[in-house]
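The following exercises concern side-chain contacts in a protein. Please work through each task before reading its solution.

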Amino acid sequence: MLVSTKEIRADYDDQSIVVYQAYSPAIAEPAVAAQRFVPPFKMERMTWIKPSFLWMMYRCGYAQKEGQERVLAVRITRTGFDWAVSNAVSSKIPGKPSVRVQWDPERGLHHEALEHRSIQIGLTREAVDMYVNEWTVGITDVTDLAREVHEKVRQRDLDGARALLPVERPYGTSTAQNA
């Protein structure tokens with residue numbers, strides 16, 4: 001199957017979409033308990049959300065990197081996600097917009113770069129406030145899943161690893177390709 005060079009693929013339903021983030025236990029545990037981001041999460045820092053599970057696995061090393069030992073699946077409203085995408089500016093453009101976007105090579109089970117690109121969305125200022133206080137529907141710790149997929153990959157059971165992956169399908173937003 002041919003995949004568009006830039007394509008948002010995600011786990012979503014009619015009302016919400018899942019994005020992934022990795023944090024230290026100090027940030028992840030209170031967030032899961034409160035079902036929203038609370039201190040020590042810092043509202044004044046840029047936070048990057050990723051709808052691709054495998055790109056998150058690449059970024060956090062299957063939850064092995066220091067400060068990224070816990071992987072969270074954050075379910076947010078589609079309205080919020082669509083707002084972020086439609087207000088995003090390329091990370092290559094100077095200035096300080098509320099939403100940045102970059103398209104990086106999607107990753108496979110061995111972190112190899114794939115031919116299509118996956119979106120990363122950086123939120124600052126007002127966008128972080130909306131993400132935390134308006135868009136977040138729920139937060140699930142998927143660290144065990146990350147480690148289980150990693151173990152299957154290490155055992156060379158790629159079919160078993162693929163069977164564990166969240167189902168991600170093309171997500172349609174008219175502004176996504178232009179971001």
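A residue is called buried under 20% relative accessible area, exposed over 50%, and partly exposed in between. The model examined here is a predicted one.

**Exercise 1.** Classify Asp159 and Arg162 by accessibility, and describe the contact between them.

Solution.
1. The relative accessible area of Asp159 is 61%. The cut-off for exposed is over 50%, so Asp159 is exposed.
2. Arg162 has a relative accessibility of 46%. This value falls between the cut-offs of 20% and 50%, so Arg162 counts as partly exposed.
3. The two side chains form a salt bridge, in which the closest N and O atoms are 3.2 Å apart.
4. Both residues belong to helix H6 (residues 158-164), where they are three residues apart, about one turn of the helix.

**Exercise 2.** Determine which parts of the chain are linked by the salt bridge between Asp141 and Arg70, and state whether each residue is buried or partly exposed.

Solution.
1. The salt bridge between Asp141 and Arg70 has an N to O distance of 2.4 Å.
2. Asp141 lies in strand S8 (residues 136-141) and Arg70 in strand S4 (residues 70-77). The pair, 71 residues apart, therefore links distant parts of the chain.
3. Arg70 has a relative accessible area of 18%, so this residue is buried. Asp141, at 27%, counts as partly exposed.

**Exercise 3.** Find how many salt bridges the whole structure contains, and describe the one between Arg9 and Glu7.

Solution.
1. A search of the whole structure gives eight salt bridges.
2. In the bridge between Arg9 and Glu7, the closest N and O atoms are 3.5 Å apart.
3. Glu7 is buried, at a relative accessible area of 15%, whereas Arg9 is partly exposed, at 22%.

**Exercise 4.** Describe the geometry of the aromatic pair formed by Tyr23 and Phe41, and explain why the pair ties together separate parts of the sequence.

Solution.
1. The structure holds 10 aromatic pairs. In the pair of Tyr23 and Phe41, the ring centres are 6.1 Å apart and the planes form an angle of 75°.
2. Planes over 60 degrees apart count as edge-to-face, and the pair is accordingly edge-to-face.
3. Tyr23 is in strand S2 (residues 16-23), while Phe41 is in the loop between helix H1 (25-34) and strand S3 (47-49); the pair therefore ties together parts that are 18 residues apart in sequence.
4. Tyr23 and Phe41 are both buried. They belong to one aromatic cluster together with Phe37, Trp83, Tyr131 and Trp135.

Notes
Residues numbered from 1 in each chain as written. Predicted model: local features only at pLDDT ≥ 70, side-chain atom pairs only at ≥ 80, totals over all residues. Heavy atoms only, no water. Phe/Tyr/Trp six-rings, centres within 6.5 Å; stacked < 30°, edge-to-face > 60°. Helix = DSSP H or I, 4+ residues; strand = E, 2+ residues; numbered from the N terminus. Buried < 20%, exposed > 50% of the residue type's maximum accessible area, 1.4 Å probe, protein only. Salt bridge = Lys/Arg side-chain N within 4 Å of Asp/Glu carboxyl O.
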